[in-house]
Amino acid sequence: MDVSVVEQFIGFVQFYNSDLQNVEVRFLFAEDALQNSDSANSQALYDIVIKQFQSIGLKKLTGLCTDGASVMVGKREGLAAKLRQDCPCMINLHCVCHTLALACVDGKQ
């Protein structure tokens, strides 16, 4: 039996490839958010995202799609708010799959 506390943070990136003239989706990272932090708070997640973006040379972020957790979408302290300070034109979307899962759960009650 493995009793561990792991907060997996997984990221994908979607972009337009002008050479191939198509939109591509690539796996970017899977990282334990508690590896370098005592909490999987928005600052820890922000640090991971920035580190990963720097590693691939990504400088412009136009959109973010996340689950609806407050650590992700909180208006003042969420990950989206922190990223919007760097990229003011960034839009934030609630993932349609997560929205559907919430709708299905709510429908059963």
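Q52 is buried, at a relative accessible area of 13%, where buried means under 20% relative accessible area, exposed over 50%, and partly exposed in between, with a 1.4 Å probe and protein chains only. This residue is found in helix α1; helices are DSSP runs of H or I with at least four residues, strands are DSSP runs of E with at least two, and both are numbered from the N terminus. Leaving aside neighbours within four places in sequence, Q52 is in contact with L28, F29 and E31, contact meaning heavy atoms within 4.5 Å.

Before I continue, a word on the basis of these values. This is a predicted model, in which local features need pLDDT of at least 70 and side-chain atom pairs count only at pLDDT 80 or more, while totals for chains, interfaces and linings use all residues. Residues are numbered from 1 along each chain as its sequence is written, and side-chain values use heavy atoms, with hydrogens and water left out.

Let me turn to the overall architecture. The protein has four helices and four strands, and along the sequence they follow the pattern β-β-α-β-α-α-β-α. The C-alpha trace spans about 45 × 35 × 35 Å along its principal axes. Of the 109 residues in the protein, 28% are buried. Among contacts between residues at least 6 apart in sequence, 48% join residues at least 24 apart.

Next, the surface. The protein exposes about 8100 Å², and carbon and sulfur atoms supply 55% of that area; accessible areas come from the Shrake-Rupley method with a 1.4 Å probe, and for residues only the protein chains shown count as cover. A nonpolar patch on the surface is formed by I10, F12, V25 and F27, which together have about 450 Å² of accessible area. The elements giving two or more residues to this nonpolar patch are β1 (8–17) and β2 (22–32). F27, for example, is found in strand β2. Patches are made of residues with over 30% relative accessible area and no salt bridge; like charges are joined within 9 Å, and nonpolar side chains (Val, Leu, Ile, Met, Phe, Trp, Tyr) within 5 Å.

The loop between β1 and β2 holds Q21. What is the phi of Q21, which is not a glycine? The angle is positive, about 55°. Most residues other than glycine have a negative phi. Q21 counts as exposed because its relative accessibility is 62%.

I now come to charge. There are 9 positive and 12 negative side chains, and the centres of the two sets lie 9 Å apart. Here Lys and Arg count as positive and Asp and Glu as negative, with His and the chain ends not counted; the place of a charge is taken as NZ of Lys, CZ of Arg, CG of Asp or CD of Glu.

Side chains of opposite charge can pair when their charged atoms come close. How many salt bridges does a search of the whole structure find? It finds three, a salt bridge being a side-chain nitrogen of Lys or Arg within 4 Å of a carboxyl oxygen of Asp or Glu.

E24 is buried, with a relative accessible area of 10%, whereas R26 counts as partly exposed at 45%.

Another salt bridge joins K51 and E31, at 3.0 Å from N to O. This pair links distant parts of the chain, with K51 in helix α1 and E31 in strand β2, 20 residues apart. K51 is partly exposed, with a relative accessible area of 40%, and E31 counts as buried at 10%. E31 is also one of the residues in contact with Q52.

In the remaining pair, K82 forms a salt bridge with E77, the closest N and O atoms being 3.3 Å apart. K82 is found in helix α3 (residues 79–86). Is K82 buried or exposed? K82 counts as buried, because its relative accessibility is 13%. Not counting residues up to four places away in sequence, K82 touches S42, Q43, Y46 and E77.

Finally, T62. This residue lies in the loop between α1 (42–56) and β3 (63–66). T62 is exposed, with a relative accessible area of 51%. Leaving aside neighbours within four places in sequence, T62 is in contact with C89, M90 and I91. From C-alpha to C-alpha, T62 and F9 are 20 Å apart in space, and they are 53 residues apart in sequence.
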